[in-house]
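Here's a quick briefing on the fold you're about to see. Take a look at the model first, then read on.

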Amino acid sequence: MKHRQAENAGKVGTEKPEWYREAGRGPFAEDGFTPQLMARIELAAERRNGAVKVIMRRRIGIAGVTAVLLLGVLLWPLAGGGKESGDGPQVIWNNKSGAAVQPSVPAAPSPSPSPAAQRSSGYFSKVNFELGGLKYVMSLPIDRDERSAQAVETPLGIVWSPPPPKADYLRPGYTRNTEPYTLYLTPKGHTELSVESAQRLYTFPLYAGGAQTYFALGYLLSAGDYLVFTNGTYTVGEVKQQSPGKMSALDLRKASAGEVTVPFDLFTNDSTAYSLDHAFIAADPERNELLLVDYKEDGNGGFIQHSKLYDITTGKSNVLPGTVTTEKKKRPTKVHYGELSIDTEEDYYVAHYEVNGEKRTVDIGMATGEQWFYDWWYDEHGEKIDASTIKKKL
């Protein structure tokens, strides 16, 4: 799970608050984050004294918890943290598979100065990720959306994706990438995430089915031999149109060995799934499995849990008959303020479940249910949320 602190020189006075950027980075994002809602949330946050600028994503328990409610439900790649704007469909998953994402030739280089040239001239911003107790730094040209920077620790190293350049910022319906997304691999311990020192794993297509339809990369999750990620497409126009989102996977061992490999789809969307109560998705890296836990309303004001295991290698899933429980735990971590590193602790959550009499425990990687955010907000601000003031389109 990644941690980050944006350092964008020259823009300090105009940047949105850190909590706002972090809300946009989470895996589940959608339009509906109105100025009125922002004002209410920020007023509540300002009542806290000594608020810190660094947001630790593991402290909330799971990546992107805030975005579940603030920006809607879906790991949609268009709102930061692998997303491209504040709009996107409500999507989660069902068991339908679509066509695999196909490889493509990278777009022509941008006429703007190269990243190396921009770094040497000082026109760059830094995005910091805390991974495995180390601070990894991604330097970006100043015109890139730092919220869309992605990095995740995997058994083979750090897999990361820099945000591509965009055009038509002032026309939201037409804002689009001008270069494709690319996944890179950097060895663990090499703390500079740069294209010059990384292995290119895969370049996604820029276009997706038409000259006005573009591919969008979402959230990255390490799952053993595989990188699991969300993705979708969007068509530009007066009203931007988004396709149903998908969760896909890439075989990291084959890609890192230089073998020709392409991502394959795991799930497509179901706008009603994985959005209620404490729903979540967790990866078991030892077995290359995903634990999917969903909740449905029982008609009496409560929820019924539904859980299953998804084998990434075979594509088969099995329903779990028993109840999956969660536990909040603490672990040591480091927080980085510039060159200063401070030892501290962070909260995280694990899931306990049983398969054929074998008890298993895995870290929860993606909190998709709305109650995660309510719990986090109460812990952070000491206030309970009226859900009707937060949810706009759930």
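Helices (H or I, at least four residues) and strands (E, at least two) are DSSP runs, numbered from the N terminus. By that count, the protein has seven helices and 22 strands. Keep in mind that this is a predicted model: local features need pLDDT of at least 70, side-chain atom pairs count only at pLDDT 80 or more, and totals for chains, interfaces and linings use all residues. Residues are numbered from 1 along each chain as its sequence is written, and side-chain values use heavy atoms, with hydrogens and water left out.

**Confidence**

- pLDDT is the predictor's confidence in each residue, from 0 to 100; its mean over the protein is 73, and 66% of the residues reach 70 or more.
- Among the elements, strand β8 (residues 182-186) has the highest mean pLDDT at 98, while helix α3 (residues 65-70) has the lowest at 33.

**Overall packing**

- Of the 394 residues, 54% count as buried, meaning under 20% relative accessible area, with exposed over 50% and partly exposed in between (1.4 Å probe, protein chains only).
- Among contacts between residues at least 6 apart in sequence, 59% join residues at least 24 apart.

**Nonpolar cores**

- A nonpolar core here is a set of buried Ala, Val, Leu, Ile, Met, Phe, Trp, Tyr and Cys residues joined through side-chain atoms within 4.5 Å.
- The largest one has 36 residues, and Val228, Leu266, Phe280, Leu290 and Leu291 have the most contacts inside it. Strand β17 (residues 289-297) supplies the largest share of this core, with five residues.
- There's a second, separate core of 16 residues, with Leu185, Leu201, Phe215 and Leu220 among them.

- Two strands pair if DSSP finds at least two bridges between them. An open sheet of seven strands runs in the order β19-β18-β17-β16-β22-β21-β20, with antiparallel pairing.
- Its edge strands are β19 (317-319) and β20 (325-337), each pairing on one side only.

**Around strand β11**

- All the residues of strand β11 (residues 213-223) are buried, 11 of the 11, so the strand is largely enclosed by the rest of the structure.
- On one side, β10 (residues 207-210) pairs with β11 in the antiparallel sense over two bridges, and a hairpin joins the two through two residues. Gly210 has Thr213 in β11 as its bridge partner.
- β11 also pairs in the antiparallel sense with β12 (residues 226-235), over nine bridges. Phe215, one of the residues of the second core, has Thr233 in β12 as its bridge partner.
- The hairpin of β11 and β12 has two residues between the strands, and Gly224 takes a positive phi near 70° there.

**Ala255 in helix α5**

- Ala255 is in helix α5 (residues 252-256) and counts as buried, at 4% relative accessibility.
- Leaving aside neighbours within four places in sequence, Ala255 is in contact with Gln199, Leu201, Leu250 and Thr261; Leu201 is also included in the second core.
- Ala255 and Arg200 are 55 residues apart in sequence and 8.8 Å apart in space, C-alpha to C-alpha.

Methods. Contact = heavy atoms within 4.5 Å.
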